Amino acid sequence: MEQKVKVMAADQVKIQRPDPDKRSNDYSPRSRIYVRDVKGKLEWFRRGFGFLLLFVFALIPWLQWNGDQAVLLDIANQRFRIFGMTLWPQDLTILAWVSIVAAFALFFVTTLYGRVWCGFMCPQTTWTFIFMWFEKKIEGPRNKRIALDRRPWDFDKLWRKTAKHTSWLLVALLTAMTFVGYFTNVRELFTDFWTFDTGFWATFSVLFFTFCTYGNAGWMREIMCTHMCPYARFQSAMFDKDTVTVSYDPNMGEPRGPRSKRTDYKAKGLGTCIDCYMCVQVCPTGIDIRNGLQYECINCGACVDACNDVMDKMNYPRGLIRFTTERNLEGGRTRKTRFKAVGYFVVMVIMATLLVWDISTRKPLEVDILRDRNQLYSISMEGWVQNVYTLKILNKSQLPQTFTIEAQGFERTQLLGTTEVTIDGGSIATVPVTLAVHPDEVTERVQDIYFVVSSTDGTVTEQHQTSFLYE
Ligand code: SF4
Ligand code: SF4
């Protein structure tokens with residue numbers, strides 16, 4: 001990071017102010033970004049957080065619950081097992097609540113702290129930084145990488161490029177297998193894949209997501225954030241003057257210009273920005289934060305670390321680039337409580353409450369009743385009126401349960417057929433029953449009756465209304 005910088009007279013230094021219109025919207029072919037390595041508190045925090053997320057992502061599919069995979073999004077069998085809970089297509093409201101709560105949590109955090117999700121938690125950022133780590137270890141720091149790409153092919157270049165892409169592909173493959181392990185039995189996948197015993201869809205999914213991870217984190221990188229991610233586009237709707245974002249402070253930095261460490265910059269009328277471009281070189285999206293807030297900025301804080309390092313070396317105060325608000329830069333005090341933030345928070349809490357209520361009132365049993373459509377009714381030898389039904393009983397719990405079936409609504413009835421059934425966890429049983437009713441009780445063409453299905457341990461009961469037909 002040591003640099004020789006030339007001294008300029010203050011009157012030759014061009015004063016620059018952040019200019020949001022300076023960015024060009026014209027199409028231009030992508031210039032490859034060679035990101036400079038950076039060290040600092042934020043970098044360590046992002047790395048630590050990235051490792052934590054990576055660890056959680058890799059661990060979850062391997063957890064067990066009641067002898068089965070704890071989290072299994074089993075699309076083929078239309079059921080999502082999430083620890084002790086199995087969600088069926090009928091439980092889509094729970095997934096809807098989860099999505100809504102997550103969306104409002106994101107809006108709330110974005111209103112307060114800008115795109116911290118993008119900079120510190122987004123998988124695209126985390127995987128890009130992992131890939132960049134391999135790139136740096138194999139090809140060397142920024143200057144070496146630029147030189148390597150410019151020079152003609154030789155053995156050294158060949159083995160470094162091969163090693164880099166092999167390491168990327170390996171990480172991408174492990175990522176894809178772990179991801180697909182959320183949707184299928186992860187233990188079988190990790191053993192069968194290497195012996196080519198996985199089915200077509202599992203193999204296709206692993207290869208597809210390997211390709212996506214390799215392409216996104218290895219090649220696409222900032223293009224995903226700047227051109228493809230919709231969140232980058234609508235974030236401005238959540239920003240206001242009190243949103244904390246990474247910002248350059250022109251009051252401290254301008255007029256910018258190169259100078260030596262010994263120069264009395266105040267006497268020369270300079271600001272603290274020495275125009276070293278370190279903040280630009282460490283930026284994963286290749287922007288110059290000194291041009292003001294830009295939608296390409298993912299709030300990763302790399303430029304904050306880089307600039308603080310420069311300020312330390314120059315013995316200048318830190319914070320020329322820092323997490324702050326527009327209001328603060330204008331000399332005002334940041335308002336912590338704002339209508340928009342409070343609104344997002346209130347909606348998030350309401351939705352989270354509904355989610356908890358939905359989960360807590362959810363019954364691990366679902367009953368569906370179909371009438372026999374071939375014959376409306378029949379008369380038994382004893383003269384009783386009979387209707388035939390098919391009960392579909394879904395045991396939504398993860399353990400086997402025994403259920404009893406009763407009919408209510410008439411005094412004198414007989415339920416013929418299976419009245420007690422044991423169903424495996426997460427399975428459906430189809431139970432045909434015949435309901436016979438004493439003729440004195442059948443007073444109308446259509447009468448309501450109720451089937452009551454109860455677990456023998458008394459934990460769950462489901463009552464279902466249907467019709468009893470005669471003539
Ligand atoms: S790193 Fe700091 S001093 Fe260097 S150009 Fe960026 S803002 Fe100026
Ligand atoms: S400008 Fe700074 S915070 Fe924004 S993406 Fe670039 S390095 Fe990260």
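Biologist: Why is F196 called exposed?

Modeller: This is a predicted model, and in it F196 has a relative accessible area of 75%. The cut-off for exposed is over 50%, so F196 at 75% passes and counts as exposed.

Biologist: Where does F196 sit?

Modeller: You'll find F196 in the loop between α7 and α8. Its backbone has a positive phi, near 55°, and F196 is a residue other than glycine.

Biologist: Which residues of helix α8 are buried, and what do they pack against?

Modeller: In α8 (residues 200-220), the buried ones are S205, V206, T210, T213, Y214, G215, A217 and G218. They pack against α4 (123-139), α6 (155-180) and α7 (186-192).

Biologist: Let's pick a residue in α6. What makes T178 buried?

Modeller: T178, which is found in helix α6, has a relative accessible area of 8%. That is under the 20% limit, so the label for T178 is buried.

Biologist: What does T178 touch?

Modeller: Skipping residues up to four places away in sequence, T178 touches F57, A58, P61 and F190. T178 and F190 are 12 residues apart in sequence, while their C-alpha atoms are 8.6 Å apart in space.

Biologist: Why does K363 count as partly exposed?

Modeller: K363 has 38% relative accessibility. Exposed needs over 50% and buried needs under 20%. With 38%, K363 lies in between, so it counts as partly exposed.

Biologist: Where is K363, and what is it in contact with?

Modeller: K363 is in the loop between α15 (339-360) and β8 (365-371). Leaving aside neighbours within four places in sequence, K363 is in contact with K396, V460, T461 and E462. There's also a pair to look for on the structure: K363 and T459 are 96 residues apart in sequence, but 9.7 Å apart in space, C-alpha to C-alpha.

Biologist: What makes strand β15 largely enclosed?

Modeller: Count its buried residues. In β15 (residues 446-455), 7 of the 10 residues are buried, so the strand is largely enclosed by the rest of the structure.

Biologist: Which strands pair with β15, and in what sense?

Modeller: One of them is β11, antiparallel to β15 over 6 bridges; in that pairing, F403 has S455 as its bridge partner. Another is β16 (residues 461-469), antiparallel to β15 over 9 bridges, where F451 stands opposite H464.

Biologist: How many residues lie between the strands in the hairpin of β15 and β16?

Modeller: There are 5, and G458 in this hairpin takes a positive phi near 75°.

Biologist: Back to β11. How many bridges link β11 and β13?

Modeller: Strand β11 (residues 401-408) pairs with β13 over 4 bridges, in the antiparallel sense. In that pairing, Q401 stands opposite I423.

Biologist: Which residues form the covered face of β13, and which the uncovered one?

Modeller: V421 and I423 are on the covered face of β13 (residues 420-423), and E420 and T422 are on the uncovered one. Why the every-other-residue pattern? Side chains in a regular strand alternate between the two faces of the sheet.

Biologist: How do you know whether the peptide bond from E254 to P255 is cis or trans?

Modeller: Look at omega: it is near -5° for the bond from E254 to P255, and that bond is cis. P255 is in the loop between α11 (250-253) and α12 (278-281).

Biologist: Now zoom out. How many helices and strands are there in the protein chain?

Modeller: The chain has 15 helices and 16 strands.

Biologist: And why is the chain called more spread out than a compact globule?

Modeller: For 471 residues, the globule rule gives 23 Å, and the radius of gyration here is 33 Å, well over that, so the chain is more spread out than a compact globule. Along its principal axes, the C-alpha trace spans about 115 × 60 × 40 Å. Buried residues make up 45% of the 471.

Methods. Residues are numbered from 1 along each chain as its sequence is written. Chains are lettered from A and ligands numbered from 1 in the order in which they are written. This is a predicted model: local features need pLDDT of at least 70, side-chain atom pairs count only at pLDDT 80 or more; totals for chains, interfaces and linings use all residues. Side-chain values use heavy atoms; hydrogens and water are left out. Helices (H or I, at least four residues) and strands (E, at least two) are DSSP runs, numbered from the N terminus. The radius of gyration is taken over C-alpha atoms; the globule rule is 2.2 Å times the number of residues to the power 0.38. Buried means under 20% relative accessible area, exposed over 50%, partly exposed in between (1.4 Å probe, protein chains only). Contact means heavy atoms within 4.5 Å. Two strands pair if DSSP finds at least two bridges between them.
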